[in-house]
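Trainee: I would like to learn how to read a sheet and a helix pair. Can we work through an example together?

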Amino acid sequence: MSKRILLIDDENDIREVAGISLESVGGWQVSSANSGHLGIEIALAEQPDAILLDVMMPDMDGPTTFARLQDDPGTREIPVILLTAKAQGADRKRFAELGVAGVLTKPFDPMALPGQVAAILAAHDR
Amino acid sequence: MISLSQFPRAVRVAFYLLWGFGIIGLAAFTAAAAFGLGNTTSTGWQVLYVSLHLAPAGLCLLRAAVVPRERAIWALFGIGMLLWSVGYAYYFGVIQGLDVPPYPSLSDALWLSYYGCVFAALLLLVRARLKKVRKTLWIDAVVGGLALAALSAAILIEPILARTGGRTAAVVTNMAYPLSDLLILSLLLGVFALSGWRPGRTWAILGGVFTFQAGFDTIYLYQAASGTYESGGLLDTVWPLAMLVIALTAWQQPKTREGDELLGWPALAITATFALVGLFLTTYDHWRQLPDTVQALATLTLVAAFVRTTTTFGDIKKLAHSKVLSERHDAILSAAGEGVYGLDPEGRTTFANPAALKMTGYEAGEVIGHRQHELVHHTKADGTPFPLEECPVWASLADGTVHRSSDDLYWRKDGTSFPVEYTSTPIFEEGEVTGAVVVFRDITERREIERAKDEFTSIVSHELRTPLTSIRGSLGLLESGVLGPLPEKGQRMIEIAVENTDRLVRLINDILDIERIDSGEVDMHRTRCDVSKLVESAVTELRPLATQTEVTLGAEAEPMAVFADPDRVHQTLVNLISNAVKFSEPGGAVRVSASSEDGEVLFRVRDGGRGIPPEKLETIFERFQQVDASDSREKGGTGLGLAICRTIVERHGGRIWAESELGKGSSFLFSLPTRARSRSEAADDPASAEGPAILVCDDDPAVVEVVSTLLGSQGYRTFAAHSGEEALERALAERPDAILLDLLMPGMSGWETAAALKERPETSEIPIVILSVFPAEGTEPLSAPVVDWIEKPLDEAALFRALDRAVNPRSAPFKVLIVEDDLDLAAVLAATFERQGIETFTTTSGIEAIELSQQVIPDLLVLDVGLPEADGFEVVDWLRRHERLSAMPLVVYTARDLDEADRARLQLGETTEFLTKGRITPEYLEHRVMRLLGRLTQETTAEVSDEQAHLVDR
């Protein structure tokens with residue numbers, strides 16, 4: 001059975017491209033949300049196997065969304081991978097300290113993305 | 001002398017008349033008194049005597065009338081003299097005729113009024129002539145006078161009192177004359193001191209006059225008291241004479257500030273001596289009656305008081321001056337915008353300027369006397385207490401040198417803090433530290449600006465990356481065929497689009513880079529590059545663009561070497577060429593060339609475009625500067641390209657500039673050094689053309705020659721040595737940056753030479769590279785660490801790599817990443833490396849390895865291919881795609897046998913080695929790793945056995 005992944009990103013185009021990448025190349029089943037709020041709702045309802053979470057979002061940003069997900073026992077166990085354009089050393093360090101399963105940078109290679117996600121999840125599972 | 005010609009005739013006549021009368025009259029009286037020419041006590045002479053005083057009085061009053069300046073002063077003198085003469089008139093007319101002349105009488109009052117007028121006039125004169133007299137000086141003058149009076153009273157006045165029988169009025173009158181004289185004299189002394197003992201003419205004369213007068217007043221008092229005074233005698237000439245001299249002074253040109261004439265001293269000295277001698281002679285009888293000791297004491301006390309009073313005036317003047325200076329300094333410090341603290345050797349605040357108090361929220365009283373460190377500098381930024389001993393301010397007090405901090409924290413009274421930078425400078429007095437001055441500045445604003453800049457850059461780059469994500473993603477999907485096949489040309493177009501998107505992403509990264517390069521955070525990875533290859537690859541990259549815009553692109557570059565960061569040079573060339581192409585008309589041509597000039601390589605990109613106006617030739621290299629604002633829209637430029645080029649070129653120690661002719665075209669030129677440069681040289685003088693010095697030691701002269709020539713062609717300086725002894729000598733003399741050492745030499749062998757070099761402190765730090773027919777493994781190790789071991793026949797690239805490492809040593813410890821799922825083995829390997837001072841990271845999976853590699857950027861990777869899920873291969877795939885890590889030395893350490901295909905897949909760059917587990921020891925692995933890292937030591941070489949050497953998979 002194919003795994004489910006939830007994409008949370010306010011950019012429509014990025015959700016679409018990432019979605020196709022994960023689906024066609026990675027064989028994932030993809031849900032998406034355009035905000036942190038909506039994302040949390042869907043996560044609670046669908047219980048995906050992983051969440052790909054954008055960092056820079058208006059209203060509620062990635063780290064805040066992650067914190068909410070962690071707070072809620074219904075979503076606490078779902079591994080979260082941050083997807084961010086901020087690739088500065090200081091930022092990366094900050095993200096790593098949050099406790100997410102991994103961090104991927106934008107722009108991504110759509111052919112490599114599913115593999116990267118899988119690798120992170122595999123490492124997380126161990 | 002005041003010029004008389006300015007006055008009307010009447011005045012001049014009066015002037016001469018009064019003088020004539022005064023002088024002649026006085027002369028007559030003097031003659032009469034001296035030679036007994038007539039009875040000077042007769043009425044006629046008395047009338048003459050009285051009117052004699054009218055002459056100076058008239059002169060003073062006349063002067064006051066006609067010269068407006070200092071009018072009041074001379075009027076007072078005149079009035080006083082008038083009163084004096086009236087007093088005499090009264091005395092002669094009334095008192096003398098009485099049977100019992102009263103004492104004191106109206107005459108005395110009139111005469112004493114003269115003194116009063118004089119004192120008042122002198123005060124006014126002081127105020128007029130000496131602008132900076134402090135109020136306290138008056139007190140000093142009075143005190144001085146009184147002191148003199150008191151002392152002299154005991155000795156000189158006592159007999160006078162004795163003879164007058166002690167009636168109050170009489171006593172007071174008797175005291176009043178000498179006291180008045182003393183007060184006047186004290187005032188004059190004070191003036192002399194205030195004027196720096198260089199009184200002008202007026203003061204000098206007045207000083208002389210009143211000393212003279214004081215002396216004779218005393219003589220008169222003695223004579224009067226002892227009944228020896230004779231009216232009409234020579235003594236009587238003194239007063240009119242004195243007054244005439246005063247009148248003379250009146251007609252001196254008034255000045256606001258007295259000049260530098262030194263007339264005063266001689267006049268004063270002579271007069272004083274005369275008066276004192278006269279005084280002494282007259283009172284000699286009385287003197288002799290005093291006991292000797294009293295006489296001596298009295299004299300000494302008088303002299304001491306005299307001296308002290310005069311020196312006091314000098315001290316006061318200095319005090320006044322220093323007070324002025326101090327006030328001026330205070331004004332400066334108060335106006336300063338920076339905070340200034342003065343500290344004593346214990347670190348207690350002695351002074352704080354208003355800015356310092358304002359910034360820290362304290363009052364002066366709360367701060368003075370307290371330790372500055374405890375008040376404002378007590379806690380570090382992380383909340384831990386800041387010990388006094390670590391404080392740079394304390395250090396400057398302790399060691400007497402200037403200490404600075406560019407990033408520290410001060411605490412306000414209200415508990416808030418603010419970032420500061422400060423400098424602490426010790427103060428010395430006679431070689432001892434007597435305190436310090438701390439100057440500090442609030443750098444909150446600067447921090448804000450820096451932070452805002454960082455944030456801006458971060459946000460902007462994010463904004464750029466976001467749309468690029470969609471572009472890259474969609475193009476990548478199209479390219480991959482996962483969405484269906486594309487026509488051939490379509491596929492090609494998509495490929496180009498993907499490539500260029502990637503380039504765009506790199507550009508954004510570079511924009512961030514430029515910030516960090518500029519601020520010095522990023523190092524250029526300089527290495528030997530082939531110029532022709534660099535030019536070729538840049539041209540190739542831009543050929544599509546050139547074709548598209550119908551611009552001919554030509555290149556000519558000889559295969560030269562340059563010492564630079566290839567990526568950055570590529571970036572620069574691409575930038576310049578793309579500019580040239582963009583700004584050329586269709587049908588135009590762009591030519592790229594590189595030539596060797598003067599020890600540099602000169603790159604030139606020439607176009608036939610519209611040219612650049614001369615005033616812009618410099619400014620275009622600045623950020624966000626375009627020749628024309630419309631360019632950014634049309635040509636898609638960011639305005640940063642040339643700025644980045646400049647930063648890169650300048651970091652290499654080169655120069656970049658543009659030449660252009662409007663309408664004809666432009667040339668962009670930049671130079672890069674050809675030679676390798678040791679770090680210290682690059683730091684000192686980027687324009688110097690000397691490369692690092694290498695000592696080449698081999699007993700075979702052919703080898704030395706070949707190697708020296710080879711090194712020379714790359715800009716190294718070489719010294720030759722044909723024996724160990726010679727090498728030692730030359731190393732000591734020349735201090736080369738590195739030594740290439742042969743092992744097998746007659747006499748002193750390579751081993752012995754290395755040992756000898758390490759023994760001497762002057763040469764022990766010089767890195768050694770072994771150049772030998774023997775391989776590193778299996779050969780007896782050296783007693784000292786060597787940078788590398790190059791086997792003959794030599795591999796040029798390896799040699800230069802080794803030399804580069806030797807000449808540019810790294811200071812940070814090496815980082816090695818071990819990817820091994822057998823935890824025990826991983827631990828053993830880690831321990832082995834850590835013994836060598838290498839930072840080791842271990843991970844048990846490929847994914848973790850990828851992640852860690854991104855975070856840590858290791859210098860070498862030890863990879864067990866036999867990881868679960870076969871992701872060792874994936875790791876290498878990923879590494880190969882990573883810009884920086886694709887050239888990382890890799891040691892594939894696996895139990896598996898690897899076939900050709902596997903090896904090909906695992907080959908990462910030139911420095912991949914394959915070692916089989918179970919056949920080699922961890923120590924051997926360590927040896928190979930160390931060798932790859934460029935640090936061979938005794939232990940690593942020694943632990944290699946011959947047997948194992950044969951088991952190296954190559």
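Mentor: Start with one residue pair: B:Asp408 stands opposite B:Val420 in β4(B). This is a predicted model: local features need pLDDT of at least 70, side-chain atom pairs count only at pLDDT 80 or more, and totals for chains, interfaces and linings use all residues. Residues are numbered from 1 along each chain as its sequence is written, chains are lettered from A and ligands numbered from 1 in the order in which they are written, and side-chain values use heavy atoms, without hydrogens and water.

Trainee: How many bridges join β3(B) to β4(B)?

Mentor: Strands of a sheet pair through backbone hydrogen bonds, either parallel or antiparallel. Here seven bridges join β3(B) to β4(B), and the two run antiparallel. Two strands count as paired if DSSP finds at least two bridges between them. Strands (E, at least two residues) and helices (H or I, at least four) are DSSP runs, numbered from the N terminus.

Trainee: What is the order of the five strands in the open sheet of chain B?

Mentor: The order is β2-β1-β5-β4-β3, with antiparallel pairing. β2 (349-352) and β3 (403-411) of chain B each have a single partner strand, so one side of each is left without a neighbour in the sheet.

Trainee: At what angle do α2 and α3 of chain A pack?

Mentor: Two packed helices are described by the angle between their axes and the distance between the axes. Axes are lines fitted to C-alpha atoms, for helices over the stretch in contact (heavy atoms within 4.5 Å). Angles run from 0 to 180 degrees between N-to-C directions. Helices α2 (residues 36-46) and α3 (residues 62-71) of chain A pack at about 25°, with axes 10 Å apart.
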